[in-house]
Amino acid sequence: MICRYQLIISYSVLICFPVKSENKKTYVLHKVWLSWPDAQAYCRTHYKDLATIESSEEQTNVYLIKPNPAWVWIGLYQTPWVWSDNSNSSFTNWFNGEPNNGFSNESCVSEDLQHKWFDNDCTMKSAFICHEGDCSLLHRNTAAG
Ligand SMILES: [Ca+2]
């Protein structure tokens, strides 16, 4: 009986918990210029993913981390338009006339100086915004020894 108890309490558990009380994303601006696929890879390695923007409130939060105007990649690409982190948000903030696939190769989305969205050539190099997950994994080893 004692043996079984020790087995249970020494089991390692993974707990996902909100980083902030309102489950807000944390956006991080990177001023290194990368193509969209390279920016996605960077964000997935160091954060959760390229930025997903799911509401006007989150759009404002993106605005707040861009004190210096810059074009930035965000995590939307096609086709059809999907978010890199698989969010099913339907929020959009397109510039008038966009997306227009203007050069027939515009499959990745960047945000302009006024924070409106444009489809652009994925190989174009640009600053980009990553986001942290809205929850973090806590690895807790409850081994009692
Ligand atoms: Ca375009």
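What we have is a predicted model, in which local features need a pLDDT of at least 70 and side-chain atom pairs count only at pLDDT 80 or more, while totals for chains, interfaces and linings use all residues. Residues are numbered from 1 along each chain as its sequence is written.

Let me begin with confidence. The pLDDT, which is the predictor's confidence in each residue, from 0 to 100, averages 81 over the protein, and 75% of the residues score at least 70. Over residues 1-21, however, the pLDDT is below 50, and this stretch has 27 contacts in the model beyond near neighbours in sequence, a contact being two residues whose C-beta atoms, placed from the backbone, lie within 7 Å. Residues 136-145 also stay under 50.

Turning to the fold, the protein has three helices and nine strands, where helices (H or I, at least four residues) and strands (E, at least two) are DSSP runs, numbered from the N terminus. Along the sequence they follow the pattern α-β-β-α-β-α-β-β-β-β-β-β.

Of the 145 residues, 23% are buried; a residue counts as buried if 20 or more other C-beta atoms lie within 10 Å of its own, as exposed if 12 or fewer do, and as partly exposed in between, with C-beta atoms placed from the backbone.

Helix α2, residues 36-46, shows both kinds, and its buried residues are Trp 36, Ala 39, Gln 40 and Cys 43. Seen down the axis of α2, they fall within an arc of 100°, so they line one face of the helix, the arc being that of the directions from the helix axis to the C-beta atoms. The face turned away from that buried side carries the exposed residues Thr 45 and His 46. What covers the buried residues of α2 includes β2, β3, β4, β6 and β8.

Glu 106 has Asp 121 as its bridge partner in β7, and among the five residues between the strands, His 115 takes a positive phi near 70°.

Conventions: Pairing = 2+ DSSP bridges.
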